Amino acid sequence: MKKEEVPQDKSNLSKSNMKELCYATDENGNYTTALSSGWEPKTIALEQSMLEINERIEHAKEDVKLGLVSPIVYFMEVCKMDWMTLSGYVGMWTWRVKRHGKPSVFKKLSNKLLAKYAEAFEISVEELKNYKGE
Amino acid sequence: METGFVHHQSAHCENGVASNLLKYHGINISEPMVFGIGSGLFFFYLPLLKVNHAPAISYRPMPGFIFNKAAKRLGIKVKRIKFSNPQSAQKALEENLNNNIPSGLQVGVYNLTYFPDEYRFHFNAHNLVVYGKKDDTFLISDPVMETVTTLTEKELEKVRFAKGALAPKGQMYYPVNIPSEIDWETAIKKGIKNTCNDMLAPVPIVGVAAMRFLARSIRKWPVKKGVKVANHYLAQMVRMQEEIGTGGGGFRFIYAAFLQEASVVLKNDSLKVLSAEMTTIGDLWRDFAVNAARVYKNRSNQTNVYNSLADELIHISNLEEAFFKKLKKAI
C-alpha cells in the first residue's frame, strides 16, 4: 500500500474523530506510517455485523413474546453476549445459564439469582422480570 | 502521580504497548520490530471454534505471545501478574505507579468508554498502558488512540475484570530486567525463522495450509450454510483481516516494514527485496477484502463469486508459501 493510497473514507471512526495508524510506503518504497479515517470495505463489514446483531435482538424479542425463551436470552443479545460470555459474568456453568433461558425455569428463579443477571446486563431486577417482548 | 511516559500511536495494541513500555526503559524499538521479533505474523483457521457466530479466523497468534516472544529473544524479563480480586489488582497497579513503573494491562473492549459503540464487542485481548493517576482517574495510553485518555477507578476495574473467552483476570505486566547489551541480530533471525516455520507448518489449521483449508470451506459455504450465513462469515473474515490493530492487509504491511528495518540491521539486501514482495502480497489481501465486500454488499448469490474468492485466496497462499521458503533461505 502506498502512502497516498491509505484510505480516507467516512466510517464509524470518523464520527468520533478517531483515526487509525497504517503502514504504507513512500515515493522511494520506504515504509512510513499514515493515519486513515476508515475504509469502505471495512465499514460495510462492520455494518453487516451490526445488522446481524440487530436481527438476533429482534428474533429474541419475538421469542420472548411467544413464550419460547426467557428475557435472559433477549438481554443477552442486547448486550452482544453469547452463552459463554454471560456465564462468565454471572459466575455459573453454561448449561445452567442455558437452562435459565427457558421461561418455565426462569419463572422460578430466586431474586438473588435474578440480581446476578440484572447486574450483568446493567438493568434492574424489575426490568428483567417484567420484560414481555414489547 | 505521573510517570514520564511518552505515548506513541501504533497500529496494533500489543506491539504498541510493548514498544511504548520498552521505549520508556530506554530501548528504542519500533512497533514493526516488536512484531517481527515476536513472530506476530500468523494465520489460523479453526471452523469448529466460533467467534461472533462465525468460524475462528485469525491473522495473529494468541494474545500475549508477541510480547513474550519478543522480550525473551531480546533478553528482557517481563513480569506478569493475574489477580483474583479487583481490590488487590488496583492496589498492585497503584504501587507500580508510585514506583514510577508504567504498567501494561490486558483488558476487555466492551466497556472501554472512549471507543465508538460499534467497536465495543466482547473481545478481551486488548492492551493498554496505565502511566499515572490523578485523584480517582487513571491516566491511560491506549496505543491505537491518537492521544492519551483517562478511565475512572470503576471503569478500569470493569475492563480489567471483563468476563468470557480469554478473560483478562486483571492481568498486569511490565519489564523488570533489561540487559545492558542487546543482541539484535540473533533476536531478529530467531523471530524470522519462527514465523517461516509457523507459516509453512505441516498442519491444516495453521499458516498457508490453513488458507487453503479456508478456501475449500468458502466454496462450500453458500451451498451448505446458505447465502446469508456465508456472507456473515465473509464479513467476519474481512473484519479480522482489516480492523483496527492490523495495520491493513492482515498485518502484512507491518511485517513488510519489519523486514525493511531488519535488512538494515542485518546488512542483508535480500530482505529489502522480500519486504517489497510482502507489500505486494499485502495489497492482494486488500484486493481480497474489496472483492469480499462486494459479495456481501450486493448479497450476490451465485456460487461462482465464492469460487473466485477462494481462487484468490489459493493464489495468495501459493505466493506466501514461496515467499516464506525464500525468507527462510535469506537469513
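Predicted model: local features only at pLDDT ≥ 70, side-chain atom pairs only at ≥ 80, totals over all residues.
Reader: At what angle do helix 8 and helix 10 of chain B pack?

Author: Helices (H or I, at least four residues) and strands (E, at least two) are DSSP runs, numbered from the N terminus. Axes are lines fitted to C-alpha atoms, for helices over the stretch in contact, and angles run from 0 to 180 degrees between N-to-C directions. Here helix 8 (residues 227–242) of chain B packs against helix 10 (residues 269–298) of chain B at about 150°, with the axes 10 Å apart. That makes helix 8 of chain B roughly antiparallel to helix 10 of chain B; angles under 35 degrees count as roughly parallel, over 145 as roughly antiparallel, 65 to 115 as roughly perpendicular and the rest as oblique.

Reader: Which residues make the contact between those two helices?

Author: Contact means heavy atoms within 4.5 Å. Helix 8 of chain B contributes residues including L234(B), M237(B) and V238(B), and among those from helix 10 of chain B are W285(B), F288(B) and Y296(B). By class, this contact of helix 8 with helix 10 of chain B has ten nonpolar, two polar and two charged residues. In this scheme Ala, Val, Leu, Ile, Met, Phe, Trp, Tyr, Cys and Pro count as nonpolar, Asp, Glu, Lys and Arg as charged, and the others, Gly among them, as polar.

Reader: Is Q9(B) buried or exposed?

Author: Buried means under 20% relative accessible area, exposed over 50%, and partly exposed in between (1.4 Å probe, protein chains only). Q9(B) is buried, with a relative accessible area of 18%, and lies in the segment before helix 1 (13–24) of chain B.

Reader: What does the side chain of Q9(B) reach?

Author: A polar contact is a pair of N or O atoms within 3.5 Å; within protein, one must be able to donate a hydrogen and the other to accept it, and residues adjacent in sequence count only if both atoms are side-chain atoms. The side chain of Q9(B) reaches the backbone oxygen of V144(B) at 3.1 Å. A polar atom of that side chain also lies 2.9 Å from the backbone oxygen of K19(A).

Reader: Where does D82(A) lie?

Author: D82(A) lies in the loop between helix 3 (71–78) and helix 4 (83–90) of chain A. D82(A) is partly exposed, at a relative accessible area of 29%. Its side chain makes a polar contact with the side chain of T85(A) at 2.6 Å.

Reader: Which phi value does S39(B) have?

Author: S39(B) has a positive phi of about 50° although it is not a glycine. S39(B) sits in the loop between helix 2 (31–37) and strand 1 (44–51) of chain B and counts as buried at 1% relative accessibility. For E122(A), phi is near 60°, a positive value in a residue other than glycine. E122(A) lies in the loop between helix 7 (111–121) and helix 8 (125–130) of chain A and is exposed, with a relative accessible area of 51%.

Note on methods:
Residues numbered from 1 in each chain as written. Chains lettered and ligands numbered in written order. Heavy atoms only, no water.
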